[in-house]
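Look at the model below before reading on.

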Amino acid sequence: MTDGFGPVVPPDAGVRAAAEQRQARLTKPGGALGRLETLGNWVSACQGVCPPKQFERARVVVFAGDHGIARHGVSAYPSEVTAQMVANFRGGGAAVNTLAAVAGATVRVVDISVDADTDPQVAKYKVRRSSGAIDREDALSAEEIQAALAAGKAIADEEIDTGADLLIAGDMGIGNTTPATVLIATLTDTEPIAAVGRGTGVDDAGWIRKVAAIRDAMRRARPVAKDPVELLRVAAGADFAAMAGFLAQAAIRRTPVILDGAIVTAAALVADDLAAGASAWWLAGHRSSEPGHALALRHLRLDPLLDLDMRLGEGSGALTALPILRAAVATLAEMATFAEAGVSTADSAAEAEAEAGTDIADEATVQPDLRK
């Protein structure tokens with residue numbers, strides 16, 4: 001247990017085995033639905049029931065926060081955009097809102113560390129205005145890291161207690177790919193130049209500044225790399241800490257999660273250290289075009305469902321994958337079995353052939369007697 005996060009109970013292996021057995025009885029050749037079958041089995045194991053139930057309250061929580069590093073030329077957009085996008089989320093005008101409507105999910109946005117005043121309804125868990133510039137100072141104080149972790153844990157509890165049966169963490173924050181890359185490169189022991197991407201679309205000069213900032217931040221992070229809480233405090237930010245707390249608590253509460261892109265998966269790397277085994281409750285929705293994302297997924301041993309060159313964040317990649325997960329649940333839960341549909345199986349056909357062969361053999365032995 002680390003900082004209030006209890007043990008993680010893995011998804012039910014017995015129910016997973018029952019789901020695998022049901023897959024073999026459905027009206028299809030074994031394995032014909034490919035990964036849809038393993039996904040359905042995973043949902044069954046998470047829910048502890050076979051056949052699984054379709055998701056009734058899939059919920060996206062977008063964690064918004066600014067980063068001091070954005071003031072040093074590592075992003076193509078100004079920090080003001082974060083607060084503006086928070087308003088856009090609330091107004092229903094962002095990609096996450098559109099994709100959530102298609103996927104049958106709802107969206108909540110929370111201001112963890114936006115560098116502006118936001119509506120009190122989204123600022124309930126606000127820790128501070130902008131995290132520190134991590135190439136030259138700590139992101140958070142000791143008190144602030146605890147507040148951010150507690151916020152993520154409380155938000156997960158709120159959503160699950162009000163009926164969420166599937167969670168997605170989204171992100172919004174100008175400059176957040178820089179701390180994400182610091183976390184990923186530090187925890188996967190990767191040189192920053194191999195992990196850093198273009199983020200919001202910086203030019204070559206911005207990319208060079210970003211690589212330098214990441215290298216400096218990694219140097220500051222190295223002494224605390226094995227302490228997940230200190231790593232978040234020194235080299236990440238309040239939004240990352242809240243996401244890590246959210247993901248860890250979802251696993252503790254036995255609630256499946258679809259991970260989004262590089263930002264969320266960077267937080268997930270730390271969350272899996274906060275609550276060992278938490279990754280068993282997570283599915284990777286997609287592979288971002290950010291180079292560090294593939295490194296993080298490999299470290300977590302998660303195979304993404306989609307690879308569409310997406311890098312928006314907000315939960316957009318996870319939401320794009322959600323209909324596939326719904327299809328996996330539907331096929332396992334709603335398809336007829338061979339017995340229910342009255343359809344012959346490969347085994348029954350083989351038995352019929354064997355019986356037919358026995359009848360022919362019997363006739364061959366009987367007929368000479370009939371000709372006498």
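## Helix α10

Helix α10 covers residues 238-252, and its 15 residues should span 21 Å at 1.5 Å a residue; the end C-alpha atoms are 21 Å apart, so the two values agree. The expected span is 1.5 Å times one less than the number of residues. Helices (H or I, at least four residues) and strands (E, at least two) are DSSP runs, numbered from the N terminus. This is a predicted model: local features need pLDDT of at least 70, side-chain atom pairs count only at pLDDT 80 or more, and totals for chains, interfaces and linings use all residues. Residues are numbered from 1 along each chain as its sequence is written, and side-chain values use heavy atoms, with hydrogens and water left out.

Is α10 mostly covered or mostly open? It is mostly covered, with 14 of its 15 residues buried. Buried means under 20% relative accessible area, exposed over 50%, and partly exposed in between (1.4 Å probe, protein chains only). Just after α10, R254 takes a positive phi of about 60°.

## An aromatic pair

How many aromatic pairs does a search of the whole structure find? It finds 1. F63 and F246 form this pair, with 5.2 Å centre to centre and 70° between the planes, which is edge-to-face. F63 lies in strand β1 (residues 58-65) and F246 in helix α10, so the pair ties together parts that are 183 residues apart in sequence. Rings of Phe, Tyr and Trp (its six-membered ring) pair if their centres lie within 6.5 Å; planes under 30 degrees apart count as stacked, over 60 as edge-to-face and the rest as tilted.

F63 counts as buried because its relative accessibility is 0%. F246 is also buried, with a relative accessible area of 0%.

Another ring meets a charge. The charged end of K153 sits over the ring of F5, 5.8 Å from its centre. This requires NZ of Lys or CZ of Arg within 6 Å of the ring centre and within 35 degrees of the ring normal.

## The nonpolar core

The largest nonpolar core has 111 residues. F63, I112, L232, F240, L247 and W282 have the most contacts inside it. Helix α10 gives the largest share of this core, 11 residues. A nonpolar core is a set of buried Ala, Val, Leu, Ile, Met, Phe, Trp, Tyr and Cys residues joined through side-chain atoms within 4.5 Å.

L232 is in contact (heavy atoms within 4.5 Å) with residues including L140, L183, F240 and V270, leaving aside neighbours within four places in sequence.

S113 lies in strand β2 (residues 105-113). S113 is buried, with a relative accessible area of 0%. Its C-alpha atom is separated by 6.2 Å from that of A238, 125 residues apart along the chain. Not counting residues up to four places away, S113 touches D66, R128, A238 and D239, among others.

Helix α8 (residues 204-221) has 18 residues and reaches 25 Å from its first C-alpha to its last, close to the 26 Å expected. Among its buried residues are V211, I214 and M218. The buried residues of α8 pack against α6 (177-188), α7 (192-195) and α9 (228-235).

## The whole chain

The protein chain has 15 helices and 5 strands. Its C-alpha trace spans about 105 × 40 × 40 Å along its principal axes. Of its 372 residues, 54% count as buried.
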